[in-house]
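Please take me through this structure one selection at a time. At each stop, state what to select and what is to be found there.

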Protein chains: 2
Amino acid sequence: MSQHSSQPLHRIGVFDSGFGGLTVLQALLHHIPSAEFLYLGDTARLPYGAKSRQTVARYAVSAAEFLLAQGAQYLVIACNTASALALEDIRTAVPVPVLGVIETGANAAKAHSISGDVMVIATAATVESHAYSAACAERDIQAIEKACPLLVPLVEEGWIDHPITRQVLHIYFSELLTQAREAALQPDTLLLGCTHYPLLRAEIEATLPPSIHVIDSAEVTAAQVAAAIKLSAAAAPPPPPRFFATDSPEKFRRLGSRFLGQPIQHVELIELESSVQP
Amino acid sequence: MSQHSSQPLHRIGVFDSGFGGLTVLQALLHHIPSAEFLYLGDTARLPYGAKSRQTVARYAVSAAEFLLAQGAQYLVIACNTASALALEDIRTAVPVPVLGVIETGANAAKAHSISGDVMVIATAATVESHAYSAACAERDIQAIEKACPLLVPLVEEGWIDHPITRQVLHIYFSELLTQAREAALQPDTLLLGCTHYPLLRAEIEATLPPSIHVIDSAEVTAAQVAAAIKLSAAAAPPPPPRFFATDSPEKFRRLGSRFLGQPIQHVELIELESSVQP
């Protein structure tokens, strides 16, 4: 018992294909300051968005196994593609609770939408999976989804508060609202279905009619993780988050800070074994 | 001897991380209609641009070995990142001639530029490698390079002839021409250092001053391969190109046709073994 209680009480593993999941970690650090966090970005194999279900599942399971081996007692899948395509594979592979950003986003949409009609913007791969509309349908709300493939590169270019970004958002939302009208839906909620999009939240809210409520999946995921776990009172502040990447720690440190909202001091380079048998 | 002459006389392997290299294959089919082509897109692991030199070299060598095993007698590295980071590794690994798009682009810049000052646009990874400026310097011409990370997603979004794309090009070229002026250069040539960019050639030429000559690396690579190889007279027309991808043949077929400029009928899914030892 004594050696058990000397273990950190809540070590939470956060997984994404790259840096975007750091927006989720930022929200988690705010909501659960007493937990210890491990963040893994599979940067050598990003983006998952262009890959098949089978490949994404193989990669995501190896990442989950790595975090488990590092002592994670709870896993947050902060990658929309992995949540869409591989959540069940991960749950089968590891014996700890696993929460994915798509279900937390759908839960929040259910809680916020009065009309029961929601819009989702995401990468092409997430939209093609129809994971958000399926998760919304399970909760008796209807979702229309739109792929916005230019938004991630605009964020990565640093064009956050930029006229081009506003025009691109205007085009995307005009198309999305037309799509909603044609489907006879009355959406009152927009779900940000990609972890890069919280950085564009102010621009997105400025582009949309004020009647549309914007749900940031990073924020709602952190709130739901905080509600799901019972934290023991911590005797001392937890150690700082540990960061793992499968490629270029220096680049992770440099680019990741923008998504985390604070400097990243140290990133450990790891190799994930593929589970493919030749 | 007789079984030797029954071999295809020129089987050329073309390698890229994805679809972009199909612009090079399109030009090769035009310039060398009597050759047999094998095209490999490492779509499971694209884009190479965000990966370290070591990772890109490992992936590119495994791709080159695959093409060699399929009987390629000549390799064209149509991927700028692999040409920048892994050309020597590939040349060491395979016993056939290997030509990369960066050296062919630099050769063409040398041939076309009168002032000896050229501009190069490319992805962030290619620019960070400074492979174009190094290749130009070896040929006694001076290059300034600019990363244009939005152009690939704009092409992939299909916004080829689009006001947003024109504005983005205008911003990028204003910055590039300012950069040239500050460096006291008088560029007369722009090198398209990414295989996606030939699809934007008309927009690029319309945005630039008419005094700037645009070099399309797909076109000049095909011309240089044609000049380098001696083709035997073919008794019969060659078989159509064979296409290999490491992920989602259906997606390759669908998206690749735009880059090839003609329909793609069949794509073979392959697995590349990583040469990493656990």
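Begin by colouring chain A by pLDDT: this is a predicted model, and chain A has an average pLDDT of 90, with 92% of its residues scoring at least 70. For the model as a whole, the scores are ipTM 0.80 and pTM 0.84.

Next, select residues 1-8 of chain A, where pLDDT stays under 50. For this segment the model has two contacts beyond four places in sequence. Where pLDDT is low, the predicted coordinates should not be read in detail.

**Chain A: helices 5 and 11**

Select residues 101-112 of chain A, which form helix 5, together with residues 217-228, which form helix 11. The two axes come within 9 Å and cross at roughly 95 degrees. Angles of 65 to 115 degrees count as roughly perpendicular, so helix 5 of chain A is roughly perpendicular to helix 11 of chain A.

Show the side chains at the crossing. Helix 5 of chain A contributes A:V101, A:T104, A:G105, A:N107 and A:A108, and these meet A:S217, A:V220, A:T221 and A:Q224 of helix 11 of chain A. By class, this contact comprises three nonpolar and six polar residues, with no charged ones.

**Chain A: two loop positions**

Move to A:S248, in the loop between strand 9 (242-245) and helix 12 of chain A. Its phi is near 40 degrees, a positive value in a residue other than glycine. Most residues other than glycine have a negative phi. A:S248 counts as buried because it has 20 C-beta neighbours inside 10 Å, and the threshold for burial is 20 or more.

Now select A:G261, in the loop between helix 12 (249-260) and strand 10 (267-269) of chain A. With 15 other C-beta atoms within 10 Å, A:G261 is partly exposed. To place it in the chain, draw a distance to A:S113: these residues are 148 apart along the chain, and their C-alpha atoms are separated by 29 Å.

**Chain B: helices 2 and 12**

Turn to chain B and select helix 2 (residues 22-31) with helix 12 (residues 249-260). Their axes are 7 Å apart and the packing angle is about 50 degrees, which means that helix 2 of chain B is oblique to helix 12 of chain B. The crossing of helix 2 of chain B past helix 12 of chain B is right-handed.

Which residues of helix 2 of chain B meet helix 12 of chain B? On the helix 2 side they are B:L22, B:T23, B:L25 and B:Q26, and on the helix 12 side B:G256, B:F259 and B:L260. The classes represented in this contact are four nonpolar, three polar and no charged residues.

Keep helix 2 of chain B selected and display its buried residues: B:L22, B:T23, B:V24, B:L25, B:A27 and B:L28.

**Chain B: a residue in helix 5**

Select B:I102, which is placed in helix 5 of chain B. Is B:I102 buried or exposed? It counts as buried, because 29 C-beta neighbours lie inside 10 Å. Leaving aside residues up to four places away in sequence, B:I102 touches B:N80, B:S83, B:A84, B:A131, B:Y132 and B:A135. A C-alpha to C-alpha distance from B:I102 to B:A184 reads 24 Å, across 82 residues of sequence.

**Chain B: helices 3 and 4**

Select helix 3 (residues 53-69) and helix 4 (residues 80-93) of chain B, which pack at about 55 degrees with axes 8 Å apart. This angle makes helix 3 of chain B oblique to helix 4 of chain B, and the crossing is right-handed.

At this contact, residues of helix 3 of chain B including B:R53, B:V56 and B:E65 meet residues of helix 4 of chain B, among them B:T81, B:L85 and B:D89. The class count is 10 nonpolar, one polar and three charged residues.

**Last stop**

Finish at B:D140, in the loop between helix 7 (131-138) and strand 6 (142-147) of chain B. B:D140 is not a glycine, yet its phi is positive, at about 65 degrees. B:D140 is exposed, with 8 other C-beta atoms within 10 Å.

How values were computed
Residues are numbered from 1 along each chain as its sequence is written. Chains are lettered from A and ligands numbered from 1 in the order in which they are written. This is a predicted model: local features need pLDDT of at least 70, side-chain atom pairs count only at pLDDT 80 or more; totals for chains, interfaces and linings use all residues. Axes are lines fitted to C-alpha atoms, for helices over the stretch in contact, and angles run from 0 to 180 degrees between N-to-C directions. Helices (H or I, at least four residues) and strands (E, at least two) are DSSP runs, numbered from the N terminus. Angles under 35 degrees count as roughly parallel, over 145 as roughly antiparallel, 65 to 115 as roughly perpendicular and the rest as oblique. A crossing is left-handed if the near helix is turned anticlockwise from the far one by less than a right angle, and right-handed if clockwise. Two residues are in contact if their C-beta atoms, placed from the backbone, lie within 7 Å. Ala, Val, Leu, Ile, Met, Phe, Trp, Tyr, Cys and Pro count as nonpolar, Asp, Glu, Lys and Arg as charged, and the others, Gly among them, as polar. pLDDT is the predictor's confidence in each residue, from 0 to 100. A residue is buried if 20 or more other C-beta atoms lie within 10 Å of its own, exposed if 12 or fewer, and partly exposed in between; C-beta atoms are placed from the backbone.
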